[in-house]
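Visitor: Hi, I'm new to this one. Can you walk me through a few spots?
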Amino acid sequence: MPRRRARQAQPPETPDKQSYPVRVYPLVPARDTVVFPRLISPISAGRERSVRAIEDAMLRDQRIVVFAQKDPERQEPGIDDLFLIGTVLSIGRMLRMPDGTTSVLGQGETRARLLEIVQTDPFVAVRVVELPETQDNSIETQALSRAVLAQFEKIVRLNSNLPEEMYVAAMNAEGAGALADLIGSSLNLDILQRQDLLETLDAVDRLNKISRLLENELQVLELQTKIHTQVQDEVDKNQREYYLREQMRVIQHELGEMDAQGREVNELREKIAAAEMPEETRAKADHELQRITQMPFGSPELGIIRTYLDWLIALPWKTATEDNLDIAAAARLLDEHHYGLKRAKERILEYIAVRKLAAEKMSSPVLCFVGPPGTGKTSMGRSIAQALGRNFVRVSLGGVRDEAEIRGHRRTYIGALPGRVIQTMRRAKTINPVFMLDEIDKVGADFRGDPSAALLEVLDPEQNSAFSDHYLEVAYDLSKVIFITTANLLDPIPPALLDRMEVIEFPGYIEDEKLAIAKQFIIPRQLEQHGLAGRPKFSDEAVRGLIREYSYEAGVRNLERETAQICRKIARQVAEGKPVTGTITRESLSKHLGPAKFSYGMKEENDQIGVATGLAVTSVGGDTIAIEVTLMPGRGGLLLTGQLGEVMQESAQAALSYARTNATLLGLRTDFDKLDIHIHVPEGSIPKDGPSAGITIATALVSALSQRAVHKDVGFTGEITLRGRVLPIGGLREKVIAAHRAGLKTLVIPKKNKKDLVDLPRRVQRNLNLILVDSMDQVLPVALIKPPEPVNKTKRIASRRARTGSRATHAAQ
């Protein structure tokens with residue numbers, strides 16, 4: 001047999017060859033298997049060299065040596081790929097398997113340390129030194145063996161995979177080493193743990209390692225047994241309850257009685273019958289109820305179906321309140337709760353009138369209240385419900401971005417619920433409430449859908465009679481609901497949604513309206529809330545001071561806050577026993593509220609050249625603005641300052657073009673190429689825009705170019721064209737009120753805005769001289785002060801002679 005030398009292994013602590021026998025054996029590398037001495041172990045060989053090694057051993061002394069591989073995937077392991085401690089195996093039986101592998105059943109004899117490979121073909125042979133077992137029968141070893149046996153007994157009792165015979169074999173093991181090897185081979189250990197036990201040559205050390213492994217395994221088995229027992233107890237309990245319930249059901253059926261589930265089904269059936277559902281909805285409810293009767297008690301879907309039926313039962317299907325059709329009483333109630341807001345009140349009274357005459361033929365209105373914050377939109381909705389005798393419900397749509405908030409979630413989702421519309425109808429308890437959708441202009445949209453698109457069906461009278469909610473899956477009638485939406489601006493509302501609503505504007509309150517609201521509502525309410533019982537009194541000038549100098553707003557919320565602050569200070573004085581003033585005057589406001597917080601525009605003090613008073617509309621009402629024009633030597637440039645918007649800049653350019661075109665006709669300077677014109681609008685930190693300052697800028701320009709002063713008592717508003725035409729503008733009501741407040745006596749407005757004068761208070765119209773114009777030719781005579789008439793030389797001489805003669809006559813007398 002050819003042989004060749006291979007490199008030698010250099011294991012640590014190489015034994016003395018004279019003390020331990022050194023032999024050469026055929027090598028069988030083992031994958032994921034560690035063979036222990038004295039134990040019968042099966043070995044499967046599939047590699048050609050391993051099969052030939054087994055065949056050679058069968059022809060000789062039937063002994064091989066088995067070393068475990070470090071890497072099981074290695075097909076031809078070298079000496080560095082094997083663990084250095086293995087086991088000499090005595091082959092007892094060899095079988096050839098159908099798949100071509102060879103199975104060997106043998107018994108381990110002794111441990112062996114690998115020294116070197118002495119042959120590689122046709123099989124691998126290695127030289128090893130055998131390591132005989134050392135015996136230690138000390139008292140400590142016996143005590144340790146008994147402790148290990150006790151641990152192993154517990155594990156055999158807890159682990160169903162270990163037979164009782166394994167414990168018997170452990171009891172009959174001879175010596176501590178044999179006991180450790182037997183128990184180590186029976187435990188579920190990985191290859192490294194088994195190899196560590198094999199490489200531990202000292203029997204006592206090996207038994208100590210086995211004791212630690214047994215302790216860990218025992219803890220795992222005890223915890224596993226505890227968990228299994230708890231689970232089994234729970235299963236047994238559920239099965240026991242199921243069997244008992246089934247027995248109770250049978251017994252109750254025999255006695256003619258019903259179980260809890262049967263009583264619940266009957267109760268639901270009665271509620272469904274009493275809910276007066278439409279035919280389609282009733283069929284859906286009966287179908288879901290039938291499913292409940294067929295489900296076992298405790299099924300998770302029972303709760304889902306029961307919640308769904310509760311929603312169907314709780315919704316109002318036919319329950320409605322009777323409308324109050326007394327128009328006079330409704331008008332009186334609306335006037336008691338709100339000052340002004342004439343159009344909104346008239347629309348509701350018209351609805352009551354039509355309802356009274358043709359109740360079955362009309363559809364419910366869908367109103368949209370648009371206006372600045374604090375103008376009474378939400379409270380008007382509540383008053384409308386009270387006037388009609390209907391329930392009032394409100395949903396805030398601000399920040400809603402999920403379509404499911406309107407239409408609900410489908411029942412396939414855990415925790416699904418109907419949308420806000422259906423939830424609110426359940427809260428309303430009637431099918432015809434006044435339903436307010438607040439802040440509809442603040443609805444958003446993202447990847448979850450567009451809620452405003454879902455609102456199209458809700459607010460369309462042609463569709464909302466069969467509103468579909470994803471959760472209900474049945475049609476719900478919203479046609480009898482009066483929907484009122486509120487918004488601060490119309491621009492963010494989609495056109496399709498805006499088209500479905502009747503827009504009613506809530507303009508900002510003018511000063512006289514705020515005065516009336518404060519005296520009629522705010523002051524009495526705040527005095528009552530602060531326990532002041534009608535004291536002190538507020539003078540009209542004090543209230544006007546609050547409005548003008550402490551609450552710059554379109555609504556009345558800040559006005560109410562400032563009034564409340566005064567009441568709190570008075571209440572503290574009363575509580576402390578200090579004397580309290582009987583009347584709040586304008587002079588005493590600074591004492592209670594500090595210095596004035598705001599200022600408002602006033603007319604100019606003197607007639608000035610190049611300065612005209614214009615009018616503007618802000619978010620909180622109207623105000624006056626001064627347009628200033630100055631001329632400087634230059635090259636025909638135009639300088640615009642005051643943070644003017646593009647539209648306002650174009651108005652200034654149009655006004656300048658008009659002045660240059662008509663310079664000769666108007667008697668203006670014509671050397672425009674030698675002039676720089678600077679147009680400025682004060683309060684430069686505030687952005688300004690719009691075309692309505694056109695005639696004001698043109699007037700100031702003509703004044704500067706003609707050196708004629710502008711009347712201080714005249715205000716202007718109107719858009720100008722290149723031909724000098726005056727076009728209509730918006731916000732006339734607020735501008736006229738601002739002009740009246742500023743002390744102007746004459747106001748020039750476009751003739752086409754005459755139709756807007758109907759909204760002005762009569763007192764304002766009486767105190768203002770409103771001049772309607774349609775061209776600049778009509779504006780300038782009103783705006784500019786006439787120059788003194790020229791006097792010729794003849795007239796001057798005659799006048800001087802007349803005065804001289806008069807003095808002579810007086811002297812003679």
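Guide: Happy to. Let's begin with S103, which counts as partly exposed because its relative accessibility is 24%. Keep in mind that this is a predicted model.

Visitor: Which strand does S103 lie in?
Guide: S103 belongs to strand β5, which covers residues 102-119.

Visitor: And what is S103 in contact with?
Guide: Leaving aside neighbours within four places in sequence, S103 is in contact with I43, S44, R93, M94, L95 and M97.

Visitor: How far apart are the C-alpha atoms of S103 and P761?
Guide: They are separated by 113 Å, and along the chain the two residues are 658 apart.

Visitor: OK, new topic. Is L214 buried or exposed?
Guide: L214 is buried, because its relative accessible area is 0% and the cut-off for buried is under 20%. You'll find L214 in helix α6, residues 203-255.

Visitor: What does L214 touch?
Guide: Not counting residues up to four places away in sequence, L214 touches V148, Q151, F152, I155, I183 and L187.

Visitor: What about charges? Where is R194?
Guide: R194 sits in helix α5, residues 191-199. R194 is buried yet has no salt bridge. The nearest side chain of opposite charge is D190, 7.3 Å away.

Visitor: So what is R194 in contact with?
Guide: Setting aside neighbours within four places in sequence, the contacts of R194 are V34, F36, G184, S185, L187 and L189.

Visitor: Which residues gather in a patch of negative charge on the surface?
Guide: Those are D136, E140, D202 and D205. Take E140: this residue is exposed, with a relative accessible area of 60%, and its place is in helix α2, residues 139-158.

Visitor: One more. Why is helix α24 largely enclosed by the rest of the structure?
Guide: Because 9 of its 11 residues are buried; the helix takes in residues 732-742. The buried ones are L732, R733, E734, K735, V736, I737, A738, A739 and A742.

Visitor: What covers the buried residues of α24?
Guide: The cover includes helices α17 (511-529) and α25 (762-767), plus strands β16 (611-618), β17 (621-633) and β23 (746-750).

Visitor: And what comes just after α24?
Guide: That's G743, which takes a positive phi of about 95°.

Methods
Residues numbered from 1 in each chain as written. Predicted model: local features only at pLDDT ≥ 70, side-chain atom pairs only at ≥ 80, totals over all residues. Heavy atoms only, no water. Patch = residues over 30% accessible without salt bridge, like charges linked within 9 Å, V, L, I, M, F, W, Y side chains within 5 Å. Areas by Shrake-Rupley, 256 points an atom, 1.4 Å probe, with all protein chains shown as cover. Salt bridge = Lys/Arg side-chain N within 4 Å of Asp/Glu carboxyl O. Lys, Arg positive; Asp, Glu negative; His and termini not counted. Charge placed at Lys NZ, Arg CZ, Asp CG, Glu CD. Helix = DSSP H or I, 4+ residues; strand = E, 2+ residues; numbered from the N terminus. Buried < 20%, exposed > 50% of the residue type's maximum accessible area, 1.4 Å probe, protein only. Contact = heavy atoms within 4.5 Å.
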